[in-house]
Amino acid sequence: MNTCPVAPAAVPSRSRSGAFQDRLMAGALVATAAGVVVTELRNSGTPPAPPGRIVRVGGRALHVLERPGRAPTVVLESGLGTPATVWSWVLEQLREGTCAVAYDRPGIGWSAAGRSGLDGARYPDHLLEVLRRSGARAPFVLVGHSVGGLLIRIFAQRCPELTAGLVFVDSAHPEQCRRSARQRAGLALFGQSLDRMVTRSVLGLPEQGAVAEDLLLLPAEVRAATKRAMFRFSSLLAARGEFGLSRADWSGRAAVLASVAPCPVAVVSAGVTYGRDPAYGGLQCELGALSSVSWSQVVAGAGHVSLLTDRWHAARVAEAVHWVIDHG
């Protein structure tokens with residue numbers, strides 16, 4: 001049987017304006033779908049229950065870990081994008097009766113995101129409100145890991161009457177990018193790493209690498225939850241925002257602080273970081289020089305994150321906190 005090809009149906013011609021409207025509609029649909037996806041990602045991956053308490057600051061929910069005790073209150077300020085639970089070993093090894101507070105900054109860990117990043121001008125008032133809501137009493141011994149070291153300097157500059165001492169834990173230095181070629185290169189790589197983490201989160205891929213491995217050293221009861229909280233999409237976006245703020249705002253404000261004397265200052269440095277950067281030792285010494293009452297220690301074998309997540313390395317941090325309390 002002979003078959004004849006069927007001619008395609010005639011398609012009515014479209015005007016240019018009609019075709020343009022179709023493209024606009026398609027673009028709007030894609031944008032709407034993308035917005036839905038981003039919204040779902042922001043709301044996904046949240047650990048089922050926070051290990052600490054939720055307080056309201058500025059109308060938003062913030063996660064706080066508290067250890068009851070007497071003043072001075074030890075305030076633990078985390079590094080870039082890291083939840084409060086990274087301080088678990090330090091909190092466990094503080095002396096009995098030591099009051100301590102660790103918290104998640106907006107968008108990080110179990111805390112709700114703010115409308116914008118927490119710049120240095122607002123940071124001291126924000127922290128004071130967190131401490132007020134948690135019932136913490138002044139004065140405060142401020143402990144800062146990594147970029148947290150910049151933040152505690154900003155607080156000490158604004159509120160010297162409330163500051164009983166500072167502990168820098170492998171802390172950032174306000175001028176590290178200008179004075180250390182290795183730090184400049186490392187921060188650029190870290191920015192790329194953050195972008196990769198965000199991409200992996202979007203694709204639903206588990207995070208891997210040195211930081212994820214260091215988190216496995218935490219106490220078993222917080223290990224999995226900390227990893228989930230740190231690498232969820234919204235937390236990584238907040239960390240990306242903090243990365244920009246640390247360079248554009250926090251460093252400059254932190255550099256204003258020239259001295260905290262007579263308050264004591266302790267500096268705990270990671271041996272691995274110390275050995276890789278010739279300029280690092282000098283920058284760490286300058287942190288100690290903020291006071292004539294100072295103490296420093298380089299923890300052999302400790303990395304930037306394992307200084308908190310490894311139980312034995314964290315014991316050195318707790319020791320530094322005790323030294324500052326005893327000399328305040």
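Biologist: How many bridges join strand 1 to strand 2?
Modeller: There are 5 bridges, and the two strands run antiparallel. This is a predicted model, where local features need pLDDT of at least 70, side-chain atom pairs count only at pLDDT 80 or more, and totals for chains, interfaces and linings use all residues. Residues are numbered from 1 along each chain as its sequence is written, and side-chain values use heavy atoms, with hydrogens and water left out.
Biologist: What counts as a strand or a pair here?
Modeller: Strands (E, at least two residues) and helices (H or I, at least four) are DSSP runs numbered from the N terminus, and two strands pair if DSSP finds at least two bridges between them.
Biologist: Which residue is the bridge partner of Ile 54?
Modeller: That's His 63, in strand 2. Strands 1 and 2 form a hairpin with 2 residues between them, and Gly 58 in the turn has a positive phi of about 60°.
Biologist: And what does strand 4 do with strand 2?
Modeller: Strand 2 (residues 60-67) pairs with strand 4 (residues 98-103) in the antiparallel sense over 4 bridges. Leu 65 has Ala 102 as its bridge partner in strand 4.
Biologist: What is the strand order of the sheet?
Modeller: The open sheet of 8 strands goes 1-2-4-3-5-6-7-8, with mixed pairing. Its edges are strand 1 (53-57) and strand 8 (294-299), each pairing on one side only.
Biologist: Switching to helix 3, which residues are buried?
Modeller: Among them are Tyr 123, Leu 127 and Val 130, where buried means under 20% relative accessible area with a 1.4 Å probe, protein chains only.
Biologist: What follows helix 3?
Modeller: Gly 135, with a positive phi near 80°.

Conventions
Buried < 20%, exposed > 50% of the residue type's maximum accessible area, 1.4 Å probe, protein only.
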